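Me: I would like to learn how to read side-chain features in a structure. Please take me through some examples.

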Amino acid sequence: MAIVALYAGAGLIAVVYAALTYRRRSETPLAVPLSLVMAGAAEWSLASACSLVAPTLGLALGFNYAIFPGVAMVVAGFLWHTTVSSGHRPPRLALILIEPLLLVAVIATDPWHHTFYRQVEAGTFGVIAQRGPAYWVHVLYGYVLMAVGTVLVIRALRRAVRGQRRMYRWFLIGALAPTVGNLVTVFIDVDMQGLDLTPVLFLVSGVVWWWSDRSGVTSERVPVTYAQVISALSDAVMVLDPNGRILDVNPAAIKLLAAVNPAGGAVIGKRWQEVADPHFTAMIAGTGQTTISGASGEVYDFRVVKIEAADGSCTCTVVVARDITELERLRAELTEQAVRDGLTGVYNRRHLDAVLEAQARAAADGHPLSIVMIDVDHFKTVNDRYGHAVGDQVLVDLARQLSGSVREGDMVARYGGEEFVVVLPGIDAQAAAERADHWRRQCAATPVDTPLGTLNVTFSAGVAQLAATGNPDHLLRLADEALYRAKRAGRNQILVAEPTLSIMG
């Protein structure tokens, strides 16, 4: 009676678990196959219990036969569950039902052909049967499907990301106990007088699976594998063997290799040098991070990691590449914006100081360096009479005229307020003054349209040349003094710093 109670208890627990699991069928596609497993275990256990208490051998044999549809349900549900949980499509229902239907037909007609049980007799724990060929075909079929499902789960476990591996481990642990019990019952030659350990050990399965579900080890709809993660990356990932042959690539790498090698074609098995531009190949020999420009102007960020074995030898090289062309363009644009004046678009004071420092060092070898400091005449009056919007427009127009009139290598910067500085490397003060006078005449001849009528703008300028003993600060001070002498002399004119002042300091 203790065995009967264990069988009945296992069966009832399996019924409850099957019902609770089936209620979650809208949440996960694994609920239905798992509930099918537990429903089969319930039938297996309850039929075993009934077989023990049956009053006649014929009735006990009938309940014994009733075990096997439950066995078929367990096998089918196990294969269904492992197929879906490992990321594959579920098997077709028709294929799953073939063996159970054939099994029912064979069992129903077994009293006439005796291919399932050759001979039966009463035992201490139910029916003791001499098994026939149909029984062994059923056992072989069941264990083949179980083996296939186990292989699928183990492969999925190895590929899964770390957070999902517990799901597979606990499922296998739960399935292990009844599987071992069935192997002992079927294949180990011990005198158990008809006792079947499998239904009792489904208690272990139910407890383990219930605990794993309640503890947060949930069954996801689709397992996440490292291969899927790498395939989803926008970065190109390539795996090379120690000889530089490509072992694997993700979709982004295929796209990148097609861009750097228009000839295209399959890349797996080819050497890196065969599918990449020559200036890329040398980078693979080292490790770390580097930035490489392509032949068409693209910029790539490469990271090379050597994977080492326990003995220190290199087993493979992982190359991660990213196209950062747009990022570099944006970075250059932001860098340029940081040194530009927000209103006029010419360079700002900070960049002017940096350029003058660099140009002063370059001028130490004897090449002249001159600057022109420009100030808009009566700019406060312009703002007061025409408004600040017109004043801003005057500055923008002047900056545009100056930028359009300088040489490559010259630089226009807004010094502050209505003042501009033009840096002219390679020419002396006299030549700089002549150019500044041309800009002055051009500015005076270009009227500015305003709501109050046409406005003619002029400017004054001071020109200075870097002296042999001077520095950028002295150069700016000399130009500033020449500018204010021009303004005091009546404005709208260009004055060059006096030679005696240019060497002061």
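Reply: This is a predicted model. Start with R331, which counts as partly exposed because its relative accessibility is 46%.

Me: Which residue forms a salt bridge with R331?

Reply: To read a salt bridge, look for a side-chain nitrogen of Lys or Arg within 4 Å of a carboxyl oxygen of Asp or Glu. R331 pairs with E328, and their closest N and O atoms are 2.8 Å apart. The two residues lie three residues apart in helix α13, so about one helical turn separates them. E328 is partly exposed too, with a relative accessible area of 24%.

Me: How many salt bridges does the structure hold?

Reply: The structure holds 16 salt bridges. Another one joins R329 and E326, with the closest N and O atoms 2.5 Å apart. These two are three residues apart in helix α13 (residues 325-338), and therefore about one helical turn separates them. R329 also forms a salt bridge with E333, at 2.9 Å between the closest N and O atoms. E333 and R329 are four residues apart in helix α13, about one turn of the helix. Through shared partners, E326, R329 and E333 are joined into one network.

Me: Are R329 and E326 buried or partly exposed?

Reply: R329 counts as partly exposed because its relative accessibility is 41%. E326, at 44%, also counts as partly exposed.

Me: Where do the buried residues of α14 fall, seen down the helix axis?

Reply: Helix α14 (residues 349-362) has 14 residues, and L352, V355, L356 and A360 are buried in it. Seen down the axis, the buried residues of α14 fall within an arc of 135°, so they line one face of the helix. The face turned away from that buried side carries the exposed residues R350 and R361.

Me: What do the buried residues of α14 pack against?

Reply: They pack against β8 (369-376), β9 (411-416), β10 (419-425) and α18 (472-488).

Me: How many aromatic pairs are there?

Reply: For a ring pair, check the distance between centres and the angle between planes. The count comes to nine aromatic pairs. One of them is F68 with Y135, an edge-to-face pair at 6.0 Å centre to centre, with 85° between the planes. F68 lies in helix α3 (residues 57-85) and Y135 in helix α6 (residues 133-159), so the pair links distant parts of the chain, 67 residues apart. F68 counts as buried because its relative accessibility is 8%, and Y135 counts as buried at 5%.

Conventions:
Residues are numbered from 1 along each chain as its sequence is written. This is a predicted model: local features need pLDDT of at least 70, side-chain atom pairs count only at pLDDT 80 or more; totals for chains, interfaces and linings use all residues. Side-chain values use heavy atoms; hydrogens and water are left out. The expected span of a helix is 1.5 Å times one less than its number of residues. Buried means under 20% relative accessible area, exposed over 50%, partly exposed in between (1.4 Å probe, protein chains only). The arc is that of the directions from the helix axis to the C-beta atoms. Contact means heavy atoms within 4.5 Å. Rings of Phe, Tyr and Trp (its six-membered ring) pair if their centres lie within 6.5 Å; planes under 30 degrees apart count as stacked, over 60 as edge-to-face and the rest as tilted.
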